Amino acid sequence: MPRTVAQVIVDALSELGVRQVFGVVGDALNPLTDAIRTTDGLEWVGCRHEEAAAFAASAQSQLTDTLGVCMGTVGPGSVHLLNGLYDAAKSHTPVLAIAGQVPLAELGSDYFQEVDNDALFSDVAVFRATVTSPDQLPQMLETAVRHALGRKGVAVLTVPGDLGERELTTGRPARFSLNAPLSRPEESAVRHAADLLDRSERVTLLVGQGARAARQDVLALADRLAAPMVLTLKAKAGFEGDTNPFQVGQTGLIGNPAAAKALQDADTLLLLGTDFPYRDWYPEGRTVIQVDTEATHIGRRVPVEVGLVGDTGATVRDLLNHLTAPSAGSAEARDRSHLEKARERFDQWRAGQARLADPSHDKGVVGRIRSALDNRAHDIRPEALAAAVDRVAADDAVFTSDTGMATVWLSRFVEMRGERRLIGSYNLGSMANAMPQALGAQSLDRERQVVAFCGDGGLSMLLGDLMTLKTYRLPVKLVLFDNRRLGMVKLEQEQAGLPEFGTVLDNPDFAAVAEAMGIIGIRVTDPADVENAVRRAFDSPGPVLLDVLTNPDEIAVPAKPTVEQGWGFAVAKVKEVVRSHGETDRN
C-alpha cells in the first residue's frame, strides 16, 4: 500500500523507539501531526514555544542516549527551534528536527514566511537537507538519523508544505542498522601513560560526563593511583555519593577550595571524558594525560603530554592492566596522603556549607552579623532551599537547572546520589532551559520524580509552557529561586567593581500565576516554612510551582577567590550603598 512522506517519517520514528515529538502545530506540519495522531505509541506534545520543544527533545536524548525529536513549521516556527537545538549541539546529544517549508514551487521566491532552512541551520546541524521529491525520503531520512546518532549532534530535515501528503512510488521503508562503536588508543600510548602515572607521586583525576558509563573502572583506577577525583558539573550524576570515597567535588567558579587544591597539589593530572573549558582553573606546569573519544578535544584546553583517543571505559581498563600493581604493604605501595588530605579538606568545606544551609544559621551570633550585612530583609537563604530539596527529593529524581545562580546552589547542595540524573544548559549556558527540559524528562516517565531548579529570569522567559505541563498533566516540581534579580549578572557586575544595574526584575506572585493556570502554586516568604513547603510540594499530585523568595544579595564564593574579586565586591557595594535604599535603575 502506498505511503505518504509524512507516514514514512512517522513510521521510522516509531521504529526507532521515539515516544514523543515536541513542537507547535501548523500548515506544513499538518500531514506529519495527523500521521502522529493515528500512530500508536507515538505522542505529539504541543508546546507553546518551539524553543521549549527543542529543549524538551534534547533533554530526552541526554537521558536516554537515543534520538530526541522536535518539529517547527514554516519560517518563524523553525527559527524558534534554534536556541534549543544549539543547546543539543553543544551538549553533543542526537536530536532530529523536522522543519516545515513553503511549497516546492515557491522555493526561492521570497514567499510569505520563507526562510532558507539549509542556511539557517548550517552552524548548528551536523546534517541538513531539504526533501524535494517523495522518493528521496527513505535514504535522506536514514542519512539524517545516522548523522545525528553517529556524530551525536543535530540533524535537520526540511519538508515543504505540499510534500507531506504526497505518496512515494516505491514501498521501500527507511532502514536503520545502528550500533555503537568501541574505540581504543594504541597500546604504545597506553604504556607511555601508565609509565608516567607509575612515576607520579601525586595524581589527581578530573572526571567528566564522558566517563559516566565507566564508573566502576574509574573508581578502580582512582584506588590504584590513590588519586582524589575532581568532578565537572555534568559528572555529578554518576560519581557523587557515599559510594565514591575519592571524589572531592567540583572546580571552577561554582567549585570548592578542596577540589582546586587537589588540582594544584598534583604533579600529574589525568583527564577522563571531559572537555572542561575553563583554562584559568588548570594548574600550570603539570604533566597532563587526557582520555577522550574525540581526537579534536585532546590538548585544546591545556597542554597534554599523552593523549589517549578512545572509549573511556576501555581505555581505563587498558591503563589498569599496564599500571604496576604493588602488593599490599610493600615498599612500593603508593603513598595515599595526597588523597587523604584532599578528602579531609573536602569534608571540612562540606561541614561549613551545611552550617550555611541550616535554617537556624542566621539566629546565631555569626549568622546575625552576616545577615546585617547581606540579608537585612531576612529573605530565605538559597542554600537552605537547595539543601531542603536535597533531603526531600527521591534518590532517582531527575534534576534540571537554569543557567545562573540556581545551578550554583544545586551544584553545592544537591548530591547526585543513587540513580539521580542531572540535565542543564551547561555548555551553551542558555537561560530558560530548566522548565522545558523538565517537560521532556517528565514526558518520558510520568512516575519518576522530576525537579526543575528555576531562576525567576529563566522561568519568566518561557512562562507560557507552564501550560504545557498542565495540559499534559506532567507532575514536574518547579523550585523557583525568586530573588527578583538576574543573579549571576549581578554577581559578575559586582565582581568587576560595578554597581548592580539592569538586573532587578519586577516579578509577579509566581505562585498566583501558577494557580491562575490551573497549577498548584506555593509561595514561601518565611525561612521557618521552607522544609514543610518543599515536602508539601513534593507530596502534591501534578505539577507544582514552589515560589520561594530568596536573598538577592547572597554571594557564592568561588573556589579560589582572588584579591581583585574581593576588591571588586567592596567597591561595588560602596557604590550601591551610596545610591538611596530602594532606588531603581531608572532613577
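Residues are numbered from 1 along each chain as its sequence is written, and side-chain values use heavy atoms, leaving out hydrogens and water. Helices (H or I, at least four residues) and strands (E, at least two) are DSSP runs numbered from the N terminus, and two strands pair if DSSP finds at least two bridges between them. S11 and S12 (residues 306-309) run parallel and are joined by four bridges. S11 also pairs with strand S10 (residues 268-272), again in the parallel sense, over five bridges.

After H9 comes alanine 226, with a positive phi near 50 degrees.

Which residues have the most contacts inside the largest nonpolar core? They are Cys70, Leu85, Leu466 and Leu478, in a core of 49 residues. The largest share of this core, seven residues, is contributed by helix H3 (residues 50-64). Apart from it lies another core, of 38 residues, with Trp409, Leu410, Ile522 and Ala533 among them. Such a core is a set of buried Ala, Val, Leu, Ile, Met, Phe, Trp, Tyr and Cys residues joined through side-chain atoms within 4.5 Å. Not counting residues up to four places away in sequence, leucine 85 touches Ala54, Cys70, Val95, Ala97, Phe121, Val124 and Val154.

Leucine 32 sits in helix H2 (residues 30-37) and is buried, with a relative accessible area of 2%. With residues up to four places away in sequence set aside, leucine 32 touches Ala6, Ile9, Val10, Met71 and Ile98. Between the C-alpha atoms of leucine 32 and tryptophan 44, which are 12 residues apart along the chain, the separation is 10.0 Å.

Turning to charged side chains, the structure holds 32 salt bridges, each defined as a side-chain nitrogen of Lys or Arg within 4 Å of a carboxyl oxygen of Asp or Glu. Glutamate 142 and arginine 172 form one of these, at 2.9 Å from N to O. This pair links distant parts of the chain, 30 residues apart: glutamate 142 lies in helix H7 (residues 137-150), and arginine 172 in the loop between strand S6 (154-160) and H8. Glutamate 142 is buried at 6% relative accessible area, whereas arginine 172 is partly exposed at 28%. Another salt bridge joins arginine 199 to aspartate 195 (3.0 Å, N to O). These two residues are four apart in helix H8, so about one helical turn separates them. Arginine 199 is exposed, at 56% relative accessibility, and aspartate 195 is partly exposed, at 37%. Aspartate 11 and arginine 3 also meet in a salt bridge, at 2.7 Å from N to O. Beyond such pairs, a network of salt bridges links Asp347, Arg350, Asp390, Asp395, Glu415, Arg417 and Arg420.

For the chain as a whole, the secondary structure comes to 23 helices and 18 strands. The radius of gyration, taken over C-alpha atoms, is compared with a globule rule of 2.2 Å times the number of residues to the power 0.38. For 587 residues a compact globule would have a value near 25 Å, and the 26 Å of the chain agrees. Buried residues make up 55% of the chain.

The mean pLDDT of the chain is 91, and 91% of its residues reach 70 or more; pLDDT is the predictor's confidence in each residue, from 0 to 100. Over residues 576-587 the pLDDT is below 50, and this stretch has 13 contacts in the model beyond near neighbours in sequence. Where pLDDT is low, the predicted coordinates should not be read in detail.

Notes: Predicted model: local features only at pLDDT ≥ 70, side-chain atom pairs only at ≥ 80, totals over all residues. Buried < 20%, exposed > 50% of the residue type's maximum accessible area, 1.4 Å probe, protein only. Contact = heavy atoms within 4.5 Å.
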